[in-house]
Amino acid sequence: MIHEKKVGVPKYESFEYAEKKKEYVVLIPIINEGQRIIQELSRAKEYRVSDYADIVICDGGSTDGCTEETQLRNLDVNTLLVKQDTGKQGAQLRMGFSWALDRGYEGIITIDGNNKDSIEDVPHFIEKLKEGYDLIQGSRFIKGGKAINTPFIRTLSVKLVHAPVISMTAHQRFTDTTNAYRAYSRRYLMDERVQPLRDIFMTYELLAYLSVRATQIGMRACEIPVTRAYPKTGKTPTKISFFKGNSELLKILFRNMHGAYNPK
């Protein structure tokens, strides 16, 4: 089904392999993740993640065959959404949020599709949503969390720059703020003081903004331990280039601190 572009939501196509089965949904933004997303979905199937939440792929336009229908169906994917518009991660998430909220889910979990994160921890995010938390941030840096083969410069940048700035902006301490493995309540995303479906969120702005807005408006937020594992050898699986990508992240971080993304 084609979903035409509307204010705050890119044009996209949805392939619904099954009806809504759960009250919670896992959104996985990807583009050309190859075997990494297949391995991640295989782990999800092994740990029966689909018993707790519907699994939805938010594809940015992959051309490497990783979104082949039979393969996805066999790995318990409920729906494939394919963006047909401009924008990167932020646009993919807005596509997923819009679709998931229209479908009536009570909570949304997001996780990268590069097989670095412990997708088997999805039930723990759902537990916190049921307890009434509106933002649940996964962290490898708190007790019970595991940071495996994290590049040294990435650890430094998170601990010395990103996390302190986000914590200051949110008025609550967070430790793993670049981590996209997190959950949001329906109440949070639907609040008029939040408005995540805006075209201003094209790349990584939405993750930074949603990290801080919940506590700014008096909603409950917490962290839970997760595992994030980088491969021992080979290229680091990331879409962020070292110089241009990180400079853009810093710009977003400080715009966010000054309220640039708050609804006017």
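## Salt bridges, sheet and cores in a predicted model

Glu131 and Lys128 form a salt bridge, with their closest N and O atoms 3.3 Å apart; the term covers a side-chain nitrogen of Lys or Arg within 4 Å of a carboxyl oxygen of Asp or Glu. Before going on, a word on the ground rules: this is a predicted model, where local features need pLDDT of at least 70, side-chain atom pairs count only at pLDDT 80 or more, and totals for chains, interfaces and linings use all residues. Residues are numbered from 1 along each chain as its sequence is written, and side-chain values use heavy atoms, with hydrogens and water left out.

### Charged pairs

Back to that pair. Glu131 is partly exposed at 44% relative accessibility, and Lys128 is partly exposed too, at 23%. Here "buried" stands for under 20% relative accessible area, "exposed" for over 50%, and "partly exposed" for what lies in between (1.4 Å probe, protein chains only). The structure holds 16 salt bridges, and three of them are set out here.

| Glu131 | Lys128 | 3.3 Å |

Asp51 is partly exposed at 38%, while Arg48 is exposed at 53%. Now look at Asp117 and Arg228: Asp117 is buried, with a relative accessible area of 0%, and Arg228 is buried at 3%. Through shared partners, salt bridges join Asp112, Asp117 and Arg228 into one network.

### The sheet

Nine strands make an open sheet with mixed pairing, in the order E1-E2-E5-E4-E3-E6-E9-E7-E10; two strands count as paired if DSSP finds at least two bridges between them. Strand E1 (2-3) and strand E10 (221-225) stand at the edges with a single partner strand each, so one side of each has no neighbour in the sheet. E1 pairs with strand E2 (residues 12-16) in the antiparallel sense over two bridges, and Ile2 stands opposite Glu13 in E2.

Which residues point each way from E7? Leu135, Gln137 and Ser139 go one way, Ile136 and Gly138 the other, and all are buried. In a regular strand the side chains alternate between the two faces of the sheet. E7 (residues 135-139) pairs with strand E9 (residues 182-185) in the antiparallel sense over three bridges, with Ile136 opposite Ala183. E7 also pairs with E10, this time in the parallel sense over five bridges, and there Gln137 faces Glu223.

### Cores and a surface patch

A nonpolar core here is a set of buried Ala, Val, Leu, Ile, Met, Phe, Trp, Tyr and Cys residues joined through side-chain atoms within 4.5 Å. The largest one has 39 residues, and Phe97, Ile108, Tyr184, Tyr188 and Leu210 touch the most other members. Helix H7 gives the most to this core, with seven residues. Ile108 is in contact (heavy atoms within 4.5 Å) with residues including Val25, Leu27, Phe97 and Tyr184, leaving aside neighbours within four places in sequence. Apart from that core lies another, of 33 residues, among them Ile28, Ala53, Ile109 and Phe125.

Helix H5 gives the most to the patch, with five residues. Leu250 lies in helix H8 and is partly exposed at 40%.

### Loop residues

Two loop residues have positive phi without being glycine. For Asn149, phi is near 60°; Asn149 sits between strand E8 (146-148) and H5 and is partly exposed at 37%. For His171, phi is about 65°; His171 is in the loop between H5 and E9 and is exposed at 65%.

Is Asn78 buried or exposed? Asn78 is buried, at 4%, in the loop between helix H2 (69-74) and strand E5 (79-83). Not counting residues up to four places away in sequence, Asn78 touches several others, including Phe15, Tyr17, Asp54, Trp99 and Arg103.

Key. Helices (H or I, at least four residues) and strands (E, at least two) are DSSP runs, numbered from the N terminus.
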